[in-house]
Amino acid sequence: MTHEYGPGPIAPHGGVLVNRLLGEEEAAEAAARAADLPKVSLARRQRCDLELLAVGAFSPLTGFMTRDQFDASVDEMRLPTGEPWAVPITLSTTREAADDLREGDDVALSDPESDQVLAVLHLAETYDHDRERECREVYRTTDTEHPGVAVVMDQGEVCLGGEVDVLSLPPHADLAPYRWTPEATRTEFDRRGWKTVAAFQTRNPCHRAHEYLQKVAMELCDGLLLHPLVGETKEGDIPADVRMRTYEVMFESYYPQERVLLTVLPASMRYAGPREAILHAVMRKNYGVTHFIVGRDHAGVGDYYGTYDAQEIFDAFPPEAIGVEPLKFEHAFFCKRCDGMASNKTCPHGKEDRVFLSGTKVREMLLRGEAPPPEFTRPEVAQVLLEAARREAGK
Ligand SMILES: [Zn+2]
C-alpha cells in the first residue's frame, strides 16, 4: 500500500513523518565538527524528547520549541501552524550556559550519562523559560509534590529553541526487539493489511480490566498496538522489564498473535493528565494508529485531575484536527453476578458483586507472596509480578 504521506493507515500529524536522524556519512561529519562546538548536556526527559524528535514521534516538530511554539502550545494547545499540541517540548539550560551561546550557533547536545554527543542543535532562539506559567497551564498546578511539575521547576531558566540533527539515538541496554520507529510500525500495519488500529498506552502491568478494554477495541479495529511507555517514569512505578514480561505472557496466552503488536514508546511520563492524553494520542497517530484508548484519569497522578478530564479535553478540538479517534472507556471489573468482565455501562449490580482491588492493595498482596484473584489478574501475569516482588524483597 502506498499513500502520498508514506506507509501506514493514517497521515502523520501535520502531514509529513519527520526524520531528524542523520545518515551514517553525515553523522560522522557532524560528529567531527561537534568536537569544536559549545556543548549542552541533556537532562533525562530531554534525552527522551530528542529520541522522539529524531524518529518523528513528535511530527511535525523538527526540534526543540521556539518561543512562538512554546507560547502557542502552553496558551492555546496548538502549534503556530494550527495543529493541536498540548504540552511544550523544550530544551532548557542555566542562564550562565545560555549567556555563552549566540542565536545562529550550532550546539552539541550530549548524553547525560556517557557524555557522547547525540545531536547538533541549530540554535534559532533563546528565551526565558516561564516555568511557573507552563506548570499552571499544562499541569494545572504549581505544587512541586506533583512529579511532572517537580521536573519542570527544576529545569533551567532559559530555553534553547531550534531544529536538531541527530547523530545517533540515545543508547539503550534493554528492550532492543521492541524499539520500533513510527516508520517501522506504519510499515508493519500496512503489511498486515490493518486499516484501523487501536493503541493502548500504559506504564503499568495489564490486569483483566485493561485486557477487557483492549479486546473491546479489538472488536472494533483490525488490530491492537500495545504501546507501553518506557522512558523516564517516577519512582515507585514498576520497572519496564517486569512490565514487558507481563505483556509477553498475557499476549502469548490470551491474544490472537496476528491481531496484536507489542512495541514500546521511549517517552518520559509527565503525569500532566488531560494535556498529556492529547500528546499521547498525537504521538500514536505518528506511529500509524487510528484509534486511541483513553481510560479514567489517563496520565494522571494523585488527585490533581478529574476522572473524566482526559476524555473531555478531546472535545476541545474538531475531530479531524486530532485525527485519531479517542475510545473513551469507563473503569472495567469482573462482576460475579454477570459472570464476566463489565463496566458501569453494562452491569446493573452493586459493589458487593464486583471484584475490585486498589493498586495499593495489589502491591501489599504481592509483597506477602499472594497472587491477586484470577478474576482480577491472569495467573500467568500474577506469577511474573510475584517473582519480581520476591526479587525486590530479597534485595
Ligand atoms: Zn454485574
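Biologist: Which residues are the protein donors of the zinc ion?

Modeller: First, a friendly caution: this is a predicted model, in which local features need pLDDT of at least 70 and side-chain atom pairs count only at pLDDT 80 or more, while totals for chains, interfaces and linings use all residues. Residues are numbered from 1 along each chain as its sequence is written, and side-chain values use heavy atoms, with hydrogens and water left out. Donors are N, O and S atoms within 2.8 Å of the metal (3.2 Å for Na, K and Ca), and water is not among the atoms, so sites may look incomplete. Lying 2.1 to 2.3 Å from the zinc ion, the protein donors are Cys 335 (SG), Cys 338 (SG), Cys 347 (SG) and His 349 (ND1).

Biologist: What is the geometry of the site of the zinc ion?

Modeller: Four donors count as tetrahedral if all angles lie between 85 and 135 degrees; four count as square planar and six as octahedral if opposite donors are over 155 degrees apart and all others between 65 and 115, and anything else is irregular. The 4 donor atoms here make angles of 102 to 114°. The site is therefore tetrahedral.

Biologist: How far apart in sequence are the parts that Cys 335 and Cys 347 tie together?

Modeller: The donor residues of the zinc ion follow the spacing C-x2-C-x8-C-x1-H. Cys 335 lies in strand β12 (residues 332–335) and Cys 347 in the loop between β13 (340–343) and β14 (354–355), so the parts that this pair ties together are apart in sequence by 12 residues. Helices (H or I, at least four residues) and strands (E, at least two) are DSSP runs numbered from the N terminus. The separation asked for is 12 residues.

Biologist: Are Cys 335 and Cys 347 buried or exposed?

Modeller: Buried means under 20% relative accessible area, exposed over 50%, and partly exposed in between (1.4 Å probe, protein chains only). Cys 335 and Cys 347 fall in one class here, which is buried.

Biologist: What is the bridge partner of Cys 335 in β13?

Modeller: Two strands pair if DSSP finds at least two bridges between them. β12 and β13 are joined by 4 bridges and run antiparallel. In their hairpin, with 4 residues between the strands, Asp 339 takes a positive phi near 60°. Phe 333 is bridged to Ala 342 of β13, while the partner of Cys 335 is Gly 340.

Biologist: Which strands stand at the edges, each with a single partner strand?

Modeller: The open sheet of 3 strands has the order β13-β12-β14, with antiparallel pairing. One side of each edge strand is left without a neighbour in the sheet, because each has a single partner; these strands are β13 and β14.

Biologist: How much are neighbouring strands of the 5-strand sheet turned against each other on average?

Modeller: This open sheet runs β9-β8-β7-β10-β11, with parallel pairing. Its edge strands, β9 (260–262) and β11 (325–328), each pair on one side only.

Biologist: At about what angle does helix α10 run to β10?

Modeller: Axes are lines fitted to C-alpha atoms, for helices over the stretch in contact, and angles run from 0 to 180 degrees between N-to-C directions. α8 lies across β7, β8, β9, β10 (291–294) and β11, at about 165° to β7. Helix α10 (residues 274–286) lies across β7, β8 and β10, and its angle to β10 is about 150°.

Biologist: Leaving aside neighbours within four places in sequence, which residues is His 207 in contact with?

Modeller: His 207 sits in the loop between β7 (197–202) and α8 (208–220), and counts as buried because its relative accessibility is 12%. Contact means heavy atoms within 4.5 Å. With those neighbours set aside, the contacts of His 207 are Val 362, Phe 376, Thr 377 and Leu 385.

Biologist: What kind of aromatic pair do Phe 70 and Tyr 127 form?

Modeller: Rings of Phe, Tyr and Trp (its six-membered ring) pair if their centres lie within 6.5 Å; planes under 30 degrees apart count as stacked, over 60 as edge-to-face and the rest as tilted. The count comes to 5 aromatic pairs. Phe 70 in helix α3 (residues 67–76) and Tyr 127 in strand β5 (residues 117–128) are 57 residues apart. Their centres are 6.0 Å apart and their planes at 55°, so the pair is tilted.
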